[in-house]
Amino acid sequence: MNKILVGVITNQVKDYCWDKFSNQLKGLQQLGHDVLIIDNSPLIQPRKGFDVYHYRLWNKIFKECALENLQRHSDNHLNGLIFISLDCMNILRDKFLEGDYTHLFILESDVFIEQDTVQRLLDMDADIANFTYLMNLNRFNDLTLCVQSTKDSEGLMLNPEQSRELINSGIKELGKDMLGDRMITGCGYGCTLVKRKVLEDIKFRIGKSKEGVLSYPDSIFHPEAISKGYTNKLDTDWLPVHENLNNQTMDMLKLLKVQNNTTRRERRATK
């Protein structure tokens, strides 16, 4: 019998949609799933009705990165958000493995799903099952899917034209199926179901380009799982709602600026 832990990494910058998101989590609880929130907000936020781990190293990590960046060229500055994301994902992994769960459902705290989404992920019968969502990257003047493709060891995010081609094209297997002349090799894990055996084998880690540029853990998670032989599928026939596409709060804009700047450096490093 399946026993699923819903794992959420969040921060107060996403609280513009917390009321709606917390109702979604309550709905998942009513379906019989446990919920664990890893909250890395600098100030403790109320999350009533849920099991919460308060991550308290935000200020420490940003201070350490700021000091290190004094010795680095501006194009190679450390991004504290990457290290915080890594810590939180491995805390979530550890908490999951402490229990007797069969699956971890990773859900971004600004991603909204439907009542049958978890069951649809289970029905894919993959070691890792995914839905993906739209992003609004500064480098594109259009929305694009949070999906990565690879050719000749060069990994790049899909552009808007490739994203439109991929949508409604059925279930794709990462590491096997192609989009044009590029292999589909990754996606964000904001709506991802992972079997226990995968997390027993794989610990989250930071990606690193040959030029030494660091990237978020989701950039390396899928390629590593594929390299170890785990089945990894992406259903392109339905997209969850990614709430931050329309959010204009100042805190979120500052956070997105950091993330987008990092993303652009990563793109330049892989060209």
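Trainee: Which residues does Asn-76 touch, not counting residues up to four places away in sequence?
Mentor: Asn-76 touches Gly-212 and Val-213. Contact here means heavy atoms within 4.5 Å. One caution first: this is a predicted model, where local features need pLDDT of at least 70 and side-chain atom pairs count only at pLDDT 80 or more, while totals for chains, interfaces and linings use all residues. Residues are numbered from 1 along each chain as its sequence is written, and side-chain values use heavy atoms, with hydrogens and water left out.

Trainee: How far apart are the C-alpha atoms of Asn-76 and Val-213?
Mentor: They are separated by 6.6 Å. Along the chain, the two residues are 137 residues apart.

Trainee: Is Asn-76 buried, partly exposed or exposed?
Mentor: Asn-76 is partly exposed, with a relative accessible area of 29%. Buried means under 20% relative accessible area, exposed over 50%, and partly exposed in between (1.4 Å probe, protein chains only).

Trainee: And where is Asn-76 placed?
Mentor: In the loop between α2 and α3. Helices (H or I, at least four residues) and strands (E, at least two) are DSSP runs, numbered from the N terminus.

Trainee: At what angle do α2 and α3 pack?
Mentor: About 140 degrees, with their axes 9 Å apart. Helix α2 covers residues 58-69 and helix α3 covers residues 80-98. Axes are lines fitted to C-alpha atoms, for helices over the stretch in contact, and angles run from 0 to 180 degrees between N-to-C directions. That angle makes α2 oblique to α3. The cut-offs: under 35 degrees is roughly parallel, over 145 roughly antiparallel, 65 to 115 roughly perpendicular, and the rest oblique.

Trainee: Which residues make that contact?
Mentor: From α2, Trp-58, Ile-61, Phe-62 and Cys-65. From α3, Gly-80, Leu-81, Phe-83, Ile-84 and Asp-87. By class, the contact has seven nonpolar, one polar and one charged residues. Ala, Val, Leu, Ile, Met, Phe, Trp, Tyr, Cys and Pro count as nonpolar, Asp, Glu, Lys and Arg as charged, and the others, Gly among them, as polar.

Trainee: New topic, sheets. What is the strand order in the open sheet of eight strands?
Mentor: The order is β3-β2-β1-β4-β14-β6-β17-β11, with mixed pairing. Two strands pair if DSSP finds at least two bridges between them. β3 (51-54) and β11 (171-173) stand at the edges with a single partner strand each, so one side of each has no neighbour in the sheet. The twist averages 20 degrees from one strand to the next.

Trainee: How many bridges join β6 to β14?
Mentor: Three, and the two strands run antiparallel. Asn-130 has Thr-192 in β14 as its bridge partner.

Trainee: Which strands of this sheet does α7 touch?
Mentor: Helix α7 (residues 218-227) touches β6, β14 and β17. Its direction makes about 145 degrees with that of β6.

Trainee: And the open sheet of four strands, what order is that?
Mentor: β10-β9-β13-β12, with antiparallel pairing. β10 (154-157) and β12 (178-179) are its edge strands. Four bridges join β9 to β10. Gln-148 stands opposite Met-157 in β10. α7 packs on this sheet, touching β9 and β13.

Trainee: Last one. How many helices and strands does the protein have?
Mentor: Eight helices and 18 strands. Of its 271 residues, 53% count as buried.
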